[in-house]
Amino acid sequence: MTKDDAGHYAKKHPFGSEVDPRVVNALKQQASDGEVPCAVAFKIASELDVEPEHVGRTVDLLELRLTKCQMGLFGYSPNKRIVQAAQEVSGELETSIREELKSGRLPCKPAWGIAKKFGVKKMAVASACEALGIKINACQLGAFK
């Protein structure tokens, strides 16, 4: 959704979408100024043993805004994104990224797996993708498809 859609995140979901009251409560406790950082959303998902997608949907239904994507792709001020293209990408990392592509894009979840496999920060994988001209999609929280 665009900045113009801010405050209308619930429209992404069918009317009457169910939410887990535990997730609602945790988000309300953790939100600050109507925002929830990506890392906090994932922590809530882990602590409550629910899928990140469920937390992301609840964020939308509460009209909260996800910020500080751990891949550096959105939610940073004053620029929306902070990820920069890597100066160089190892052959091994490039191969791993290309093996996980779906329709020419790297889904977020496999990107995280690649970061873990190589023992690097998630944003390092995003930086490699920037250098390779590969878009990351399918945010695990549903912020973007």
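Modeller: The protein has six helices and four strands, where helices (H or I, at least four residues) and strands (E, at least two) are DSSP runs numbered from the N terminus. Along the sequence they follow the pattern α-β-α-α-β-α-β-α-α-β. This is a predicted model, in which local features need pLDDT of at least 70 and side-chain atom pairs count only at pLDDT 80 or more, while totals for chains, interfaces and linings use all residues. Residues are numbered from 1 along each chain as its sequence is written, and side-chain values use heavy atoms, with hydrogens and water left out.

Overall dimensions come next. The C-alpha atoms fill a box of roughly 45 × 30 × 25 Å along the principal axes. The radius of gyration is 16 Å, which agrees with the value near 15 Å that a compact globule of 145 residues would have; it is taken over C-alpha atoms, and the globule rule is 2.2 Å times the number of residues to the power 0.38. Of the 145 residues, 37% are buried; buried means under 20% relative accessible area, exposed over 50%, and partly exposed in between (1.4 Å probe, protein chains only). Among contacts with a separation of 6 or more, 69% join residues 24 or more positions apart, a contact being heavy atoms within 4.5 Å. The protein exposes about 8800 Å², with 49% of it supplied by carbon and sulfur atoms; accessible areas come from the Shrake-Rupley method with a 1.4 Å probe, and for residues only the protein chains shown count as cover.

Now the empty space itself. Rolling a probe the size of a water molecule over the atoms shows where empty space is left. The search uses a 1 Å grid over the protein atoms alone: a cavity is a set of points where a 1.4 Å probe fits but cannot get out, a pocket is an open set with protein on both sides within 12 Å along at least five of seven lines, and lining residues have an atom within 4 Å of a point. Grid points are joined across faces, edges and corners, and a volume is the space filled by probe spheres set on the points.

By this rule there is one cavity of 30 Å³ or more, and the largest cavity has a volume of about 70 Å³. Its lining consists of C38, F42, C69, Q70, M71, L73, F74, C108, W112, C139, Q140 and F144. The elements that give two or more residues to this lining are α2 (38-48) and α5. Sorted by class, ten of the cavity residues are nonpolar, two are polar and none is charged; Ala, Val, Leu, Ile, Met, Phe, Trp, Tyr, Cys and Pro count as nonpolar, Asp, Glu, Lys and Arg as charged, and the others, Gly among them, as polar.

The second largest pocket holds about 330 Å³ of space. It is lined by 17 residues, with E53, C139, Q140, L141 and G142 nearest its centre. Two or more lining residues come from each of α3 (52-61) and α5 (108-118), and α3 gives the largest share, five residues. This lining has seven nonpolar, four polar and six charged residues. C139 and Q140, two of the residues nearest the pocket centre, also line the largest cavity.

E51 is in the loop between α2 and α3 and, at a relative accessible area of 56%, is exposed. Its C-alpha atom is 8.7 Å from that of L141, although the two are 90 residues apart along the chain. A10, in the segment before α1 (21-30), has its C-alpha atom 4.4 Å from that of L61, across 51 residues of sequence. Leaving aside residues up to four places away in sequence, A10 touches D60, L61 and E63. A10 has a relative accessible area of 22% and so is partly exposed.

E63 lies in the loop between α3 and β2 and is also partly exposed, at 30% relative accessibility. Its backbone deserves a check, with phi near 60°, a positive value in a residue other than glycine. Most residues other than glycine have a negative phi, and most peptide bonds are trans. S103, in the loop between α4 and β3 (106-107), has a positive phi of about 55° and is exposed, at 79% relative accessible area. The peptide bond from S77 to P78 is cis, with omega near 0°, and P78 lies in the loop between β2 (65-67) and α4 (91-99).
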